[in-house]
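Hi everyone, thanks for making time.

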Amino acid sequence: VASGALQEGDGIRISYVDENDADYFDTNWFNALDKLESQNTQIVVPLPIQAKSSIFRATVNHCELMSSIANRRERVALIGAIRGVTYQAILGITDVAVEDIGILEGIQGDDPEEVLADETEDLVNFKLGDNYTSNRACYFFPDEIVRNVNGSNILLDGFYIAAAAGGRLAGTSNVAMPLTNKTLSGFTILRDKVYKDSILDSLGAEGATVLQPVTGGGRILACRTTSNTGLIEDEELSIIFIRDRVKQILRGSVKGYIGKVQSENTNIAIGVRIKRIMDGLISQGLITGYTGLNVKRDKLNP
């Protein structure tokens, strides 16, 4: 060492580490989502600090799996844009590099020089319709917000809007109340995230739930799921919650018949009870009507 910090005879100590000094890191939150399968929850909001896209994908898959008839634990994933995911990327006009997905290299393809040098390993297609198409997912945009933390303004990823939306939904007793045209507070959206109507329409058609800035927060233009079926019952988030609530209420209403001996009056009694429940849901305003009510014994698994 030329600086003279080490003198002759000082020596250098070398330590060999031949075993892991930390527990296994759950990159895609598989362990967390596995534990969540046993919980009764309706809204899942992942807030990762790395491997964000992978965790979002795993969360959406989790919500679809748990909302199946077999699992009967209906839930919705609220996710959003990562910082750097522009509206052009959401619409599939361009690819962006916002996450390091290479083996050893850093983020490549995030500036013109690297693109011209063909260093584009980390460019990814973030087109919403190609990635998160599901009636169990809601994707919030823009890609960044400003939040005051301990007196300092910091930039956060846009998916933190999902946490604000989840809090708003959890605090609303009426599941039929949509998020459309509601204001979320506690953050600021920069003025450069104001888009013209044609872009807003395109983002909405692609499946994004877009917010525009208002004082002290953002106003949701139209809340929707990322489903592209064109059916309102798949795209309107409040209808998803209503359908889930009806399933949960009906399942709970017939639990008393489990474990009893079936007679010729059982189906009639169940039908009367379910009709009473459905009439109650109409009076609550959750549904407007019902037809074709039919209670019958399962032929395959009586």
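Let me start with a definition: a patch here is made of residues with over 30% relative accessible area and no salt bridge, where like charges are joined within 9 Å and nonpolar side chains (Val, Leu, Ile, Met, Phe, Trp, Tyr) within 5 Å. Accessible areas come from the Shrake-Rupley method with a 1.4 Å probe, and for residues only the protein chains shown count as cover. A salt bridge, in turn, is a side-chain nitrogen of Lys or Arg within 4 Å of a carboxyl oxygen of Asp or Glu.

Before we go in, please keep in mind that this is a predicted model, where local features need pLDDT of at least 70, side-chain atom pairs count only at pLDDT 80 or more, and totals for chains, interfaces and linings use all residues. Residues are numbered from 1 along each chain as its sequence is written, and side-chain values use heavy atoms, with hydrogens and water left out.

So, the patch. Leu6, Ile12, Ile14 and Tyr16 make a nonpolar one on the surface, and together they have about 530 Å² of accessible area. Ile14 sits in the segment before α1 (30–36). Helices (H or I, at least four residues) and strands (E, at least two) are DSSP runs, by the way, numbered from the N terminus. Is Ile14 buried or exposed? Buried means under 20% relative accessible area, exposed over 50%, and partly exposed in between (1.4 Å probe, protein chains only). Ile14 comes out at 58%, so it counts as exposed.

Now the overall picture. The protein has 10 helices and 8 strands, and 35% of its 302 residues are buried. It exposes about 18,000 Å², with carbon and sulfur atoms supplying 51% of that. Contact means heavy atoms within 4.5 Å. Of the contacts with a separation of 6 or more, 61% are between residues 24 or more positions apart.

Let's go inside. A nonpolar core is a set of buried Ala, Val, Leu, Ile, Met, Phe, Trp, Tyr and Cys residues joined through side-chain atoms within 4.5 Å. Which residues touch the most other members of the largest core? That core has 29 residues, and the answer is Leu78, Phe140, Ile161, Leu184, Phe187, Leu211 and Leu237. Two or more residues each come from β2 (76–80), β3 (137–141), α6 (160–170), α9 (237–253) and α10 (266–284), and α9 gives the most, with 5 residues. If you zoom in on Leu211 and skip residues up to four places away in sequence, its contacts include Phe140, Pro142, Ile161 and Phe187. There is also a second, separate core of 27 residues, with Ala77, Ala81, Val85 and Phe159 among them.

Phe159 turns up again beside Lys52, which is in contact with Ile82, Glu99, Asp157 and Phe159, leaving aside neighbours within four places in sequence. Lys52 belongs to helix α2 (residues 52–66) and is buried, at a relative accessible area of 14%.

On to the backbone. Most residues other than glycine have a negative phi, and most peptide bonds are trans. Here, though, a cis peptide bond joins Phe141 and Pro142, with omega about 25°. Pro142 is in the loop between β3 and β4 (144–149). Arg72, in the loop between α2 and β2, has a positive phi of about 55°. Asn181 has a positive phi too, near 70°, and lies in the loop between α6 and β6 (183–185).

Last topic: charges. The whole structure has 9 salt bridges. In one of them, Glu144 pairs with Arg83, the closest N and O atoms being 3.2 Å apart. Glu144 is in strand β4 and Arg83 in the loop between β2 and α3 (87–90), so the pair ties together parts that are 61 residues apart in sequence. Glu144 is buried at 12% relative accessibility, whereas Arg83 is partly exposed at 37%.

Lys193 and Asp143 also meet in a salt bridge, at 2.7 Å from N to O. Lys193 lies in the loop between β6 and α7 (197–206) and Asp143 in the loop between β3 and β4, so this pair ties together parts 50 residues apart in sequence. Lys193 is buried at 10% relative accessibility, and Asp143 is buried at 4%.
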